[in-house]
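Dear colleague,

A summary of the findings follows directly after it.

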Amino acid sequence: MAAHLRRFCQGVTLFSRCSHSTRGLRTIAYKTYNPKSPRFYLYGTAVATSLYFGWKWVEKNAMVEAARPTRRVTDEQTLRGLKLNHRERRFIKFSSVEYQGQLYMTPQDFIESVTDSEPRPRLKRRVLTERDLERFMQETPLLSKGSPDMFRTIFDKGIISYTEYLFLLSILTKPQTGFRIAFNMFDTDGNERVDKEEFLVLEKIFSTARRDRLNRALEGAVKQTEGEDGEVEEVLEDELQKSHVVDTTLLLHFFGKKGKQDLKFEEFKMFMENLQTEVLEIEFNEFSKGLPAITELDFAKILLRYTYLQSDQYEMYLERLLDRIPEGRGITFTEFKSFCQFLNTLDDFAIAMRMYTLADQPISQEEFHRAVKICTGTELSPHIVDTVFKIFDDDGDGQLSYKEFIAIMRDRLHRGFKQQQLREGWEGFKACLKEEMRQDVQQPSLT
């Protein structure tokens with residue numbers, strides 16, 4: 001192709017010496033061939049004109065090609081162009097630090113990703129040094145020192161990889177009965193202990209699956225540029241799943257600085273319980289403002305904050321509650337935590353309801369209590385169940401449409417990770433505006 005282009009350019013060099021117009025080209029053709037017949041004049045004019053416009057086409061495309069940069073995938077291009085799933089998008093969005101080109105969350109980033117809709121404003125990500133990682137290692141607590149405020153205590157002095165992010169998300173929705181199953185998935189040799197190598201199997205599984213999926217999505221999408229040596233170069237920065245060259249905060253916490261400690265089930269269970277409690281405490285404290293209880297209205301806002309209700313539907317639930325409980329007595333953290341732990345068994349609850357009411361009939365508070373006791377082995381306080389019925393009972397007859405309740409609570413359980421179809425244009429603008437208005441309504445009042 002290059003050789004043909006050079007020969008073509010040499011052939012039009014003569015014509016480029018005069019004015020770039022068809023008239024000038026026609027004059028050169030006439031003088032060169034000195035025609036004695038109009039046929040030669042017309043032939044020369046046609047050839048000259050074709051060469052002129054052909055040269056202009058080559059010139060234009062050469063300028064466009066030279067101005068086209070090699071595509072380097074940025075965060076925003078990654079989010080829109082590489083068809084990442086919702087969790088990958090959110091991890092990229094909330095990650096505030098990087099090390100050797102690898103994105104990481106801090107413990108504070110993780111907390112914010114499951115309690116806030118947007119990350120804290122920042123100019124750019126912080127690039128960590130080896131000295132930073134050494135300091136993080138020294139400040140990571142031992143497994144025996146774990147507590148329900150560990151992530152808040154570490155704050156931004158730690159790192160969490162993408163695969164660990166997925167692991168932590170799964171913990172938040174695990175019922176107590178699922179703790180043993182999760183532990184056994186790591187315990188590949190069945191010795192009731194998990195070592196560092198067994199734990200890292202999780203990362204390999206997620207990394208391989210994600211790489212395969214991403215490669216399929218990128219076929220034909222990543223721009224390929226031909227280098228001077230003729231080889232094809234793909235410019236793509238995959239910042240989520242490179243091989244880790246450092247120990248993360250979780251690895252240090254579980255297996256110690258030397259990585260030789262083993263993780264026992266009771267320790268694993270305690271970590272999971274502490275993480276669930278910490279996230280719930282943060283949500284509760286956002287509304288309690290230091291008081292021992294939140295209002296029934298605040299409780300409803302917490303339940304509905306991650307759902308995909310329209311603004312008018314959202315306000316309808318709140319107004320219904322205010323009409324039915326003009327003066328509430330408040331909901332304590334113990335009651336709130338018990339209800340949220342019950343939501344982690346929502347699938348079992350749905351099965352119990354389908355078996356209990358074969359005709360899909362609404363259920364009473366007594367039936368609700370019984371189903372919760374079957375699924376969790378514990379009882380919810382009568383007041384919090386009564387509050388739930390006041391929110392979701394459509395006509396005030398004391399009966400609950402459990403299908404509607406389960407559908408809304410699933411959104412709550414997903415904490416904003418339920419994938420929604422993206423809308424563009426005017427419809428997308430209206431949907432965005434409604435969501436922003438609803439977020440303003442959901443914020444706890446200052447009075």
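A salt bridge is here a side-chain nitrogen of Lys or Arg within 4 Å of a carboxyl oxygen of Asp or Glu. In this predicted model, E192 and R180 meet that criterion, with an N to O distance of 3.1 Å between their side chains. The two residues are 12 apart in the chain: R180 belongs to helix α11, while E192 sits in the loop between α11 (178-186) and β4 (193-194). E192 is partly exposed, at 45% relative accessible area, and R180 is likewise partly exposed, at 32%.

The structure holds 17 salt bridges. Among them is the pair K196 and D247, whose closest N and O atoms are 2.9 Å apart. Because K196 lies in helix α12 (residues 196-218) and D247 in the loop between β6 (232-234) and α13 (249-255), this pair ties together parts 51 residues apart in sequence. K196 is buried, with a relative accessible area of 17%, whereas D247 is partly exposed, at 28%.

A further salt bridge joins K390 and D386 at 2.8 Å, N to O. Both lie in helix α20 (residues 382-392), 4 residues apart, so about one helical turn separates them.

E315 is located in helix α16 (residues 311-324) and is partly exposed, at 36% relative accessibility.

Overall, the protein has 22 helices and 9 strands, and 42% of its 447 residues are buried.

Yours sincerely

Key. Residues are numbered from 1 along each chain as its sequence is written. This is a predicted model: local features need pLDDT of at least 70, side-chain atom pairs count only at pLDDT 80 or more; totals for chains, interfaces and linings use all residues. Side-chain values use heavy atoms; hydrogens and water are left out. Buried means under 20% relative accessible area, exposed over 50%, partly exposed in between (1.4 Å probe, protein chains only).
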